[in-house]
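Dear colleague,

I am handing over the structure we spoke about, and my notes follow below it. Please read them alongside the coordinates.

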Amino acid sequence: MDIKLTEEQAQLQDIASKYMDKHCTFEFVRRMEKESELGFCRDMWRQFAEMGWLGMIIPEKFGGMGMSLLDTVVLIRELGRHICPSPFLFTSVLASDVITQAGTRDQKAELLPQIVAGEKIYAFAYQEYSRFFKPEHIRLQAQKSGENFVLNGTKLFVEFADGADTLLVVARTGKANSQTGLTLFLVDRSSAGISTRHMPTMSRDRHYQVDFNNVEVPASARLGKLNKGWAALEPSLLKTVIAFCGYTNGAGFEMHGYATKYASERVQFGRPIGQMQTIQGYLAQMIMELYGADMLTLFSAFQIDKARHARGYVAKAKAFSAETVGHVMDVSSQIFGGMGYMEEQDTTLYLRRGKQYQLALGGTEYWEDVIAEEIIDREPVVLT
Amino acid sequence: MDFDWSPEEIAFRDEVREFIRREMTDEVKGSIFIDTPARVEFVTRMARLGWLGMGFPEKYGGSPNPFPLAQFILNAELDRSGAPIIGKNVGTIASTIFHVASEEMKMEFLPRIFRNEGQWAITYTEPNAGTDLGSMQCRAIDKGDHFEVTGMKHYITSAHFCRWHWMALRTDPDAPKHKGISIFIVDHDTPGIRLSRMDTIGREGTTHRTNQVFFDQMKIPRSRLVGELNKGFYYMMQALDYERFAILSFASRVRRFNKIVDWYKNADFSGERPATDPYTRRALARMSARIEVGTMLERMAICKAQYEVPAVEAAMNKVWGATIGDEFAQLALDLMGPFGGLWGGEHSPFGGGLADEYLMAGHARVAAGGVDTSKSIIARRLLGLPNALGKPELPQR
């Protein structure tokens, strides 16, 4: 047992960290929030492609790097440190993996190299009007019409829907209110009948409501088997959730670093506030939580890479990382006092994101329900 | 990164499990202390296998370390099964003797520790020197060939069955407070020592005993001074670093949590089934994630220990363990309704064990370095924040 990064992982982390330091500055993030139309930068995306990052987990025979989820977590943690806005998660983790796992030979040969080259960006159209993240709650209909399918319904919180080329849509084709009866579609963003509306969030990011009004898609847009969409999606979604945890843990570590630095430098009552036990207690508690969340995330990625049953670990990692990132952003901001809530203060970029990360991809309660299924309804898996 | 145990680690773990299966009895179970004849015998049998002196030179009775993580695997398995763990005798006392004591003292005491020949009490705490050990006042007056002690110590665990005390005393009342303390090895049967029992709260027969220790003109031979005079505080601080065994295993908490979950799977309160109650399910789920975090922090400390002394990681492990232990106990009782407080009888889940758990959990938060104090250690040593006096964190070595 050894948790040291391998030489390759350390190198990847180093390159990513240097790249992000240089290109993903606070000024850049603020520009993406307020001035950019798409909310991310196409030039940066091209550079991701050049560095091979977009094909991280895509098999080498499709032009990717064929690396592990653990490697991906190491990379995305650096993106998270810099709260880098990019469609990496849903393109290079979710779409890449689900196409690799569920795609036909033709789909893989056509679509995966496009992702590697940075030519196609994917958005994930899953969530509907539900507090939870359950597949049962998906109602967007896909009806067969000759060879084609016709989609009708509304998806919410589709990140980067306007900048994406393709929407990965989870649609109901069978039994209602059930995990079965769902089918995955890769829908061209420019299809007739798709309209989007920006959903403003406190992160100033780019989430959209996407309305599907008689959107006709060809049979070739179907990914995986009819009515078996959830079975195809869930394993890839668990990987995506772990990568997302890596991202939010990175953001948490960075914010914690700023708060620690401030506590060492800010003098009140003639001494640095970091000398006070309350402040020390906050910072110590948070660093423990961050290490715990980080280790749990890496551990889950390791289990997934070994193809072991990891749903319970993923759920624990997500529930805990979510709680941690929310907590770290809040408490760290408190250490800055009034300054922690001023628009000009860069740490507020993290504060505004923390809670939202916590609620994304299924909030704490949703994942606690998953944990409960694993530990109560099913025998816990004992790892030796 | 590799989170799996290696084949040799698994082989050693299986060897430990086999030993426990063979030697474990009900008399041995139930405490980490080596305080009954059955538990002493159990540890002595481990000693015969060379498991106490792993990593120490053979001339002092040690044995080669099979691999860096052997000690952790051993303690984790002991803890999981409720057996006494390898603790302070090796972690604090043998390590300090090995690093600072004279050759004579090493030859005299190390082999005895590794053979489990007699137990030890760590005799530091005083009424006015708890968290702030540097403030201890109990004097050892230098009389040339011996030191004379009159005074008292309290919260001295193990004193009622120990053979030796690992004792810190003030040897220079005029020096700055951290520079006037020395460490001694004191035979418990030295004339002038008297004990008075202090019982922790708890059910009759299950309580943990600790002690007040009084000294009346007790004489300690000069040969029992450990290392140099007035260096005691530094030795105590350094011992924290040697104390790899301070990485308390999370295994027993995992085991106790799993027992609770198992109980709830089948629980039925007059037709109301907690296993289907959303609040109960989420509360157990949340706790399960927090317990998993504990096993992760433990892994982190263990892995670090392969390369360097995981002092900060051990502190994190302690804080998380004690905090989660408390949260866990609170939850276990909260979910039971009024039955949580039962101390036995027909309707008492786990025979009153939950109430015991609750009472012990608070104690664990303050014992052996309180949670809030340990958090400050993390803040200072890991995050580099200044201490409350604005002084450097550790004395120069």
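Strand β4 (residues 164–170) of chain B is largely enclosed by the rest of the structure, because 7 of its 7 residues are buried, where buried means that 20 or more other C-beta atoms, placed from the backbone, lie within 10 Å of the residue's own; strands are DSSP runs of E of at least two residues and helices are runs of H or I of at least four, numbered from the N terminus. This is a predicted model, in which local features need pLDDT of at least 70 and side-chain atom pairs count only at pLDDT 80 or more, whereas totals for chains, interfaces and linings use all residues. Residues are numbered from 1 along each chain as its sequence is written, and chains are lettered from A and ligands numbered from 1 in the order in which they are written.

In a regular strand the side chains alternate between the two faces of the sheet. Both faces of β4(B) are covered, with Trp164(B), Trp166(B), Ala168(B) and Arg170(B) buried on one side and His165(B), Met167(B) and Leu169(B) buried on the other.

As for pairing (at least two DSSP bridges between two strands), β4(B) runs parallel to strand β1 (residues 120–123) of chain B, joined by 4 bridges, and Ile122(B) stands opposite Trp166(B).

The contact between the chains (C-beta atoms within 7 Å, placed from the backbone) takes 41 residues from chain B and 40 residues from chain A. On the chain B side, α8(B) supplies the largest share, 14 residues.

Best regards

Note on methods
A residue is buried if 20 or more other C-beta atoms lie within 10 Å of its own, exposed if 12 or fewer, and partly exposed in between; C-beta atoms are placed from the backbone. Two residues are in contact if their C-beta atoms, placed from the backbone, lie within 7 Å.
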